[in-house]
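Subject: Structure for your review

Dear colleague,

Please find the structure below, followed by a summary of what was found in it. I would be grateful if you could read the two side by side.

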Amino acid sequence: MPGTTKFATTMSRAVVTPLARLVWRPRIVGRKNVPKHGPVILASNHRSFIDSPAITLMAPRKVSFLAKQEYFTGTGLRGAVSRAFFGGIGAIGVERGAGAAAQHALDLGLERLQAGEAFAIYPEGTRSLDGRLYRGRTGVAWLALTSRAPVVPVALTGTEDVQPVGSRLPRLARVTIEFGAPMDLSHFGEASSGRARRHATDAVMEAIQALSGQEPANAYNNPPSTIVERVKQVLRRDDPTQAVEPD
């Protein structure tokens with residue numbers, strides 16, 4: 001319900017944000033690089049489960065992001081709390097998967113951008129387990145070239161210490177969130193061009209790497225698991241635009 005979501009969002013900003021800043025003492029750099037109005041894509045590295053809450057709570061404006069549908073379908077008190085929290089911090093519930101499901105997820109992000117909102121995405125697709133920065137998937141470029149929204153590169157440092165992969169509860173650690181200068185990707189070409197999407201995505205990843213200082217992995221984070229998938233990727237010469245993996 002719109003009224004409930006608005007209330008949850010207000011409570012998140014009024015209560016959760018100050019509490020998070022008190023506990024984790026985040027260092028926020030470049031907040032002025034995030035446009036206060038109009039559509040904008042926040043493209044970030046991905047190191048921990050708490051990355052999305054960190055971005056949405058510390059950004060200077062409301063930000064939406066993709067999250068597992070399971071966070072919105074629970075029952076009882078626990079389900080109600082989960083829906084209120086994730087809805088309040090801007091999460092959009094989507095089903096996991098590639099193909100049509102992933103394109104639907106991107107379409108949901110596009111709707112937010114066309115409504116003049118901010119939308120966060122992880123071009124790597126999923127969390128980095130070894131700290132390296134993996135090759136970006138071209139969904140971020142498709143969104144930018146389709147919506148004509150600027151892309152703000154984001155670098156997160158320390159979130160992997162707050163909640164390492166596999167850890168159920170957060171820990172005390174210092175977090176740094178750096179927002180880079182907005183990027184206009186329109187000169188790369190049209191969204192329908194695989195070459196344009198690839199080059200635009202590479203430019204975004206270079207900007208993220210310059211902020212984060214991570215070692216580039218020069219590979220995708222979740223490589224094909226079967227021979228057939230490997231052959232398809234080689235023949236395609238470009239990763240699937242639809243590759244989206246919600247937290």
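Helices (H or I, at least four residues) and strands (E, at least two residues) are DSSP runs, numbered from the N terminus. This is a predicted model, in which local features need pLDDT of at least 70 and side-chain atom pairs count only at pLDDT 80 or more, while totals for chains, interfaces and linings use all residues. Residues are numbered from 1 along each chain as its sequence is written, and side-chain values use heavy atoms, with hydrogens and water left out.

Overall composition

The protein chain contains eight helices and seven strands. Of its 247 residues, 47% count as buried; buried means under 20% relative accessible area, exposed over 50%, and partly exposed in between (1.4 Å probe, protein chains only). The chain exposes about 12,300 Å², of which carbon and sulfur atoms supply 57%. These areas come from the Shrake-Rupley method with a 1.4 Å probe, and for residues only the protein chains shown count as cover. Among the contacts (heavy atoms within 4.5 Å) in the chain with a separation of 6 or more, 79% are accounted for by residues 24 or more positions apart.

Nonpolar cores

A nonpolar core is a set of buried Ala, Val, Leu, Ile, Met, Phe, Trp, Tyr and Cys residues joined through side-chain atoms within 4.5 Å. The largest one has 29 residues, and Ile41, Ile121, Leu143 and Leu185 touch the most other members. Two or more residues each come from strand 2 (40–44), helix 4 (100–114), strand 5 (118–121), helix 5 (139–147) and helix 7 (194–212). Apart from this core lies another, of 22 residues, which includes Val40, Ala54, Ile55 and Val152. Leucine 185 touches Ala144, Leu145, Val151, Ala200 and Val204, leaving aside residues up to four places away in sequence.

Helix 5 is mostly covered, with eight of its nine residues buried. Among the buried residues of helix 5 are Trp142, Leu143 and Ser147. Just after helix 5, arginine 148 takes a positive phi of about 65°.

Helix 7 has 19 residues, which at 1.5 Å a residue should span 27 Å, and its end C-alpha atoms are 27 Å apart, in agreement. The expected span is 1.5 Å times one less than the number of residues. The buried residues of helix 7 include Ala200, Val204, Met205 and Ile208, and what covers the buried residues of this helix includes strand 2, helix 5 and strand 6. Serine 212, also found in helix 7, counts as buried at 15% relative accessibility. Serine 212 touches Asn45 and Ala155, not counting residues up to four places away in sequence. A polar contact of 3.0 Å joins the side chains of serine 212 and glutamine 214. Such a contact is a pair of N or O atoms within 3.5 Å; within protein, one must be able to donate a hydrogen and the other to accept it, and residues adjacent in sequence count only if both atoms are side-chain atoms. Just after helix 7, glycine 213 takes a positive phi of about 75°.

Salt bridges

A salt bridge is a side-chain nitrogen of Lys or Arg within 4 Å of a carboxyl oxygen of Asp or Glu; by this rule the count comes to five. One of them joins arginine 198 to aspartate 202, with the closest N and O atoms 2.9 Å apart. Both residues lie in helix 7, four residues apart, about one turn of the helix. Arginine 198 is buried at 7% relative accessibility, whereas aspartate 202 is partly exposed at 25%.

Arginine 148 forms a salt bridge with glutamate 190, the closest N and O atoms being 3.4 Å apart. Arginine 148 lies in the loop between helix 5 and strand 6 (151–157) and glutamate 190 in the loop between strand 7 (176–179) and helix 7, so the pair ties together parts 42 residues apart in sequence.

Glutamate 160 pairs with arginine 47 in a further salt bridge, with a closest N and O distance of 3.6 Å. This pair links distant parts of the chain, 113 residues apart: glutamate 160 is in helix 6 (residues 159–162) and arginine 47 in the loop between strand 2 and helix 2.

Serine 48

Serine 48 also has its place in the loop between strand 2 and helix 2 (51–58), and counts as buried at 0% relative accessibility. The side chain of serine 48 reaches the backbone oxygen of threonine 159 at 3.1 Å.

Yours sincerely
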